[in-house]
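Take a look at the model below. We will walk through a few backbone details and then a sheet.

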Amino acid sequence: MPTAPFPLLTRSRKTLALAGAGALIALAASPGAAAAPVAQADATALVLTVLSTPADSGTVKATHDGADETVVGQQNPLITALGNQSFINAGTLAQDATASVVDRRGRSAACAGLAGDGATLVSVDRGFCLDPGDNATINAGTLQLQDVQVVQSDLLAGLDQTLQAALQPLLGTVLPTVDSTLQTVLTGIGDPGIVLDLGAVQSQCAATTNGATGDSQLTDAGLYVDLPTIGRVDLVNLPTNPPPNTKVVTDLDVVVTAISDAVETELTTALTGVLAPAAPLVDQLVTALNANVIAVLADQLAPLEDNVLDATLNKQTRGDRSIEVTALDVRVLPAASAFVDLVNVEIGRSSCGPNGRVAVDNPTPTPTPDPTDPTPAVPTSVPAGELDLAGGATSSGDLNGRIATGGLVLMSALAAACGVYGFRRVLRS
Amino acid sequence: MAAGLVFTGGVLTGRGLAGSPAVEAAPAPPAPTVTVTADPPATPAAVRPVPPAAGPPAPPTRLVVPKLDIKAPVVDIDLSSDAVLEPPSDPDLVGWWTGSAEPGATQGRVVVTGHTVSTGGGALDLLPELEPGDKVVLVTATGRHRYRVTDSLFASYRDVAEHAQDIFGQTETSPAGARLILVTCTGFNGRFYAGNSIVVARPL
């Protein structure tokens, strides 16, 4: 037996660690010996949380106890699975999970997501669940704009003596005109929705005994606000393959600008009429009053110009040899609660691992090695491949967050045979 | 990957699988090089440092592969109870299987493995690039053991599992010194690795 190159203390510590790990593995992986499964994964296509009340598509969970796989939950449910809600009424939900044991090592995979009608469902073994079809839309929040008010002092602010003098006899008409014009525009806009428009948003993950990896894909996804009488205002287009935990924070200043422009157009028409008696100062008065009204409007809609939407793309949370991936997590920030109903949309949540190993004597008993057997034990697997997951490596070089993939890949019988012969030929030469 | 695998398999088959239809159809590949080849013309001794003697068998402490610019510390690793040989978790390190031969021993094979990382940074990322004739050095506490690569192979995980004794068996007796087996993973397809890259080297 070779001599150890390290001090006894190092060796002892390693031996203890290995013994401990072995005991843990045996406890965790032995069928029937403990509750923890050898392999596990779960998937949830969609979770909508409105005012802290969640509605979701249900969860598919796959576990493997070392002998059998158990899958519970509904795969690929209908939108109606979310119950009575008004946020999404069409689309294709996908959620699938699988757990297996290969060479006594647990493996699991999951995928989950949402696409529009006409999307094609894909097996979890292929990675992502969906090939996009039509786009789907989710109402991710509703703007409430009717409370904007303008008072007389707002209209007069900053006007010089000449303009104030010209305006004074007309104030009785101008003030109601401004008020009614504002209300007309804002009422016409109503309570516009913040719409999440997507071709497909989905996540997938996979785990072995050594670690887990996951990814997300957002196809043709973006947020917009549909303003009746004004039109669609795009807020943000989301990247297709975002790195893990990509943050997209957006304000609604483009919405405020669109509303302001609409108000200004209407006001210009209305005020030009009621201010006609003030000629030749009509144009100056219209410009000044417009500026004051828009300033008031901007002040009262100011919260929309702060960050009101907080989206996390490819959200990844890591555990010990496990991962949870959510393709898209959109939250309306509390700062906007005066204008927007608080909604949290989570699309495509997949979880994989942690997975363990089946104890050597289960589920298929293997002969106890004969101590007199002249053939010593040799490696039958060398899992020496790592997936580099962003941010997975710590400063100490530990591979926490990376995945060692020791999985078997079926190769052609010819190639396999050739390779094997090659080993014999080379190693016996 | 599939093309590479078939190519590798074809070459290996051609080396000795007489009667195989694949071999008969394929052009004859070069004969395997398993004999010791002389070093390139030596630099004058006066200007070339003399490498230390190999010394008695001892566990390796450093792996040096000049062609790939690998200078990796070697730590000892043990075989798990289910016959899995896990490389060190730190991808900068490589592991020497303590159940294998020490460099300089005359029985068994020296088995060293290290990680390949999909985005780079693994000690043995470039191992499949080694070719027959390339040099490898294992440094021990007692000296430097120099090897020359004789074969660079690909094996699926199934191949490795089914023919573990052929690859890692420790019964071989080699008066000239135990051969070196370097192992990592290769064939990353975006989700997982297709198999192992195995490099075989003879002591010089």
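Where is A:Thr229 found? A:Thr229 is in the loop between β13 (221-227) and β14 (231-238) of chain A. Strands here are DSSP runs of E with at least two residues, helices are runs of H or I with at least four, and both are numbered from the N terminus. This is a predicted model: local features need pLDDT of at least 70, side-chain atom pairs count only at pLDDT 80 or more, and totals for chains, interfaces and linings use all residues. Residues are numbered from 1 along each chain as its sequence is written, while chains are lettered from A and ligands numbered from 1 in the order in which they are written.

Most residues other than glycine have a negative phi, and most peptide bonds are trans. A:Thr229 has a positive phi, near 70°. It counts as exposed because it has 12 C-beta neighbours inside 10 Å. A:Asn76 sits in the loop between β4 (69-72) and β5 (92-102) of chain A. With 17 such neighbours inside 10 Å, A:Asn76 is partly exposed.

Now the peptide bonds. A:Ala279 and A:Pro280 are joined by a cis bond, with omega about 10°. A:Pro280 lies in the loop between α5 (253-274) and α6 (282-300) of chain A.

Turn to chain B. Its strands β1-β2-β3-β4-β8-β9-β7-β6 form a closed barrel of 8 strands with mixed pairing. Strands pair if DSSP finds at least two bridges between them. β4 (residues 109-114) and β8 (residues 179-188) of chain B run parallel over 5 bridges. There, B:Val112 has B:Leu182 in β8(B) as its bridge partner.

Conventions. A residue is buried if 20 or more other C-beta atoms lie within 10 Å of its own, exposed if 12 or fewer, and partly exposed in between; C-beta atoms are placed from the backbone.
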